[in-house]
Amino acid sequence: MSPDDEATPLRIVVVDDHPIWRSALIRDLEAAQLVVVGEADTVAKAINVVQATRPDVVLLDLQLSDGSGVEVARAIGESTHVLVLSASGEADDVLAAVKAGATGYLTKSASAAELLDAVRRTSRGEAVFTPALAGLMLGEYRRLANHKEEKRPLLTERETEVLRLVAKGLTSKQIANRLVVSHRTVENHVQATLRKLQLHNRVELARYAMTQGFDDAAE
Amino acid sequence: MWRALAVFRVASLIFVVVQVGRTYDDFGHPAGAVGVLIAMAAWTTFAVVVQPMLPDFERSSSWNPPAPALAMAAADLAIAVATLMSTRLVDTPDRVVTGAPTLPGTWTAGAVLGAAIVGGARLGLGAAVVLSAALFAERGAFATTTSSSATLLVLAGLVVGYLATTALRAEQQMARVRAFEATRAERDRLARAIHDGALQALALIAREAAVMTRPQIATLAAEHEAALRSHVTALVIDNETALSTELDLRQLIAPLETAWPKRIISLAMPAEPVILPANTARELAAAVHAALENVDRHAGAAAKAWVLVEDETDCVVVSIRDDGIGMAPNRPREARAAGRIGLAGSIVGRVQSLGGTAIVTTEPDSGVEVELRVPRR
């Protein structure tokens with residue numbers, strides 16, 4: 001793991017509307033010497049807690065009692081590492097959360113060990129991909145490629161290849177072996193696919209806000 | 001349509017009253033004419049109120065009209081014929097023969113329109129023919145004006161009957177679609193509720209049992225989670241497949257995730273529907289099923305499987321990979337020779353019959369990967 005794990009333990013915020021789930025997650029995180037600095041069960045509380053505590057990683061459920069975790073990701077995704085932990089594989093929600101700035105996605109059937117590994121990787125800024133997320137991303141890029149729009153993000157051939165292998169369940173080590181590149185290169189490719197989509201999403205939002213603004217002014 | 005008919009009945013009645021009022025002195029029995037008018041007004045009121053409340057005829061191939069509506073149409077027609085014939089009693093023979101307007105005039109057409117609305121073109125035509133016969137009988141000759149009135153009646157009966165049937169069918173279709181939408185919404189709501197509640201709880205139980213080293217409980221919860229998940233998926237699919245000639249391949253692939261309870265299968269698919277002709281989608285899904293069946297049989301107990309669905313513009317690609325024991329590259333041919341046609345027949349054969357290709361890559365100890373590529377036509 002990263003060298004600063006010992007010196008400063010990772011600070012985590014847990015957002016889940018299910019109290020027993022929340023306490024189970026907190027117990028697992030604390031057992032691994034991570035510090036849970038806050039917890040929340042609603043969108044509003046989550047945003048407040050994250051802004052007040054500035055954690056290293058936010059563990060985010062998508063189903064909250066007063067809305068979707070996507071709204072939380074949208075509010076804090078740019079400044080905080082967000083790892084989505086969701087029961088359902090609602091494709092649109094997952095994609096929306098990732099576009100809003102979440103850099104990882106796990107389902108709740110993941111084991112405690114997988115979760116801890118994912119939290120640590122998220123804290124280092126790595127992308128945590130399940131094969132399912134890779135499949136969604138491939139589909140999203142395919143959709144964007146079919147658009148006429150000029151500024152749409154496109155994957156390089158290598159990035160597509162890497163994403164396909166992730167979707168087929170290969171670990172980044174296996175991918176590195178198969179493509180005869182370094183493990184680091186694979187990670188960079190995976191992160192690039194995520195960053196392009198998030199950047200595009202921000203540009204889209206800004207453009208939308210601008211056109212809306214002009215329309216309002218014209219009225 | 002009933003409202004339009006009511007307007008027609010009342011308007012034509014007023015017209016008739018005005019007509020009779022203007023030529024009041026010409027009648028042989030003016031008092032009798034007024035009596036007929038009063039009867040017409042009474043029947044108009046009754047028909048306008050009662051007729052819309054009776055059930056419509058079934059517009060199906062079986063001729064099975066509900067009795068009240070049939071009786072109403074018959075009574076309507078009988079009254080129309082009766083008022084028509086009464087012209088001969090209250091008016092002078094001279095006027096009848098020289099083609100003076102019949103006493104009820106256009107009002108009688110209401111009976112034809114009513115029959116058409118309630119029973120479609122067939123009943124509309126029948127009523128028009130009966131009324132036309134009465135017209136000729138009243139006149140006592142095949143006069144030109146009478147013929148054109150009869151033609152108009154037949155035309156009105158046919159056209160209005162046809163429109164009424166079309167409108168009724170459209171209404172029934174709308175009702176079906178609305179019912180379908182309501183069921184779908186309800187099932188989606190159920191699916192969501194189960195996702196949020198039971199599935200999450202089962203996942204939690206599995207997880208906690210693992211921590212407490214209670215592997216049996218963990219397995220039980222995990223198995224039930226998988227089973228429930230596949231039920232939820234099936235719920236949603238039932239709906240979608242019911243009405244369509246095209247299917248979303250994702251919905252046929254989704255249940256495969258939990259089709260082998262002891263096997264971890266991961267699905268990677270786009271967020272958007274992958275639409276294929278229904279038959280292509282079913283065959284391709286069956287090929288994927290066969291490929292996973294193959295994994296379950298030959299890859300070894302610990303092997304996991306991954307399915308990736310990609311929607312290229314001109315084709316759909318499905319890859320099935322496992323991390324099992326793999327096989328020597330010439331195994332598929334041997335398998336076929338040995339009569340185990342799983343890979344060759346149910347996978348490759350299926351995909352080829354769809355005009356697609358199946359590529360199998362394998363190495364000993366690194367699993368098997370099958371790539372199915374089916375063109376989109």
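## A leucine in chain B

Let's start with one residue: not counting residues up to four places away in sequence, Leu354(B) touches Thr280(B), Glu283(B), Leu284(B) and Val374(B). Keep in mind as you look around that this is a predicted model. You will find Leu354(B) in the loop between helix 11 (342–353) and strand 6 (357–362) of chain B.

Is Leu354(B) buried or exposed? Leu354(B) counts as buried because it has 22 C-beta neighbours inside 10 Å, and the cut-off for a buried residue is 20 or more. Another residue to look for is Arg376(B), 22 residues away from Leu354(B) along the chain, with 9.5 Å between the two C-alpha atoms.

## The nonpolar cores

Now look for the largest nonpolar core, which has 101 residues. Which of its members touch the most other members? They are Leu83(A) and Val307(B). Helix 9 (residues 278–298) of chain B gives this core its largest share, nine residues.

Leaving out residues up to four places away in sequence, Val307(B) is in contact with Ile253(B), Leu256(B), Ile265(B), Leu267(B), Ala268(B), Val288(B), Val318(B) and Ile320(B). Another core, of 39 residues, lies apart from the largest one; Val16(B), Ala33(B), Met40(B) and Ile79(B) are among its residues. In soluble globular proteins, nonpolar side chains tend to be buried together.

## The sheet in chain A

Turn next to chain A, where five strands form an open sheet with parallel pairing, in the order 2-1-3-6-7. At the edges are strand 2 (35–40) and strand 7 (104–107) of chain A, each pairing on one side only. From one strand to the next, the twist averages 20°.

For a look at one pair, take strand 3 (residues 57–60) and strand 6 (residues 81–86) of chain A, which run parallel and are joined by four bridges. Here Val57(A) stands opposite His81(A) of strand 6. Helix 2 (residues 19–31) of chain A lies across strands 1, 2 and 3 of chain A, at about 170° to strand 2. Helix 3 (residues 43–53) of chain A also lies across strands 1, 2 and 3 of chain A, running at about 150° to strand 2.

## Where the chains meet

How many residues of each chain are in contact with the other chain? There are 25 in chain B and 28 in chain A. On the chain B side, helix 6 (144–211), strand 2 (265–268), strand 4 (305–311) and strand 5 (315–322) each give two or more residues.

Helix 6 of chain B supplies the largest share of that side, nine residues. By type, the chain B side has 12 nonpolar, five polar and eight charged residues.

Methods. Residues are numbered from 1 along each chain as its sequence is written. Chains are lettered from A and ligands numbered from 1 in the order in which they are written. This is a predicted model: local features need pLDDT of at least 70, side-chain atom pairs count only at pLDDT 80 or more; totals for chains, interfaces and linings use all residues. Two residues are in contact if their C-beta atoms, placed from the backbone, lie within 7 Å. Ala, Val, Leu, Ile, Met, Phe, Trp, Tyr, Cys and Pro count as nonpolar, Asp, Glu, Lys and Arg as charged, and the others, Gly among them, as polar. Two strands pair if DSSP finds at least two bridges between them. Axes are lines fitted to C-alpha atoms, for helices over the stretch in contact, and angles run from 0 to 180 degrees between N-to-C directions. A residue is buried if 20 or more other C-beta atoms lie within 10 Å of its own, exposed if 12 or fewer, and partly exposed in between; C-beta atoms are placed from the backbone. A nonpolar core is a set of buried Ala, Val, Leu, Ile, Met, Phe, Trp, Tyr and Cys residues joined through C-beta atoms within 7 Å.
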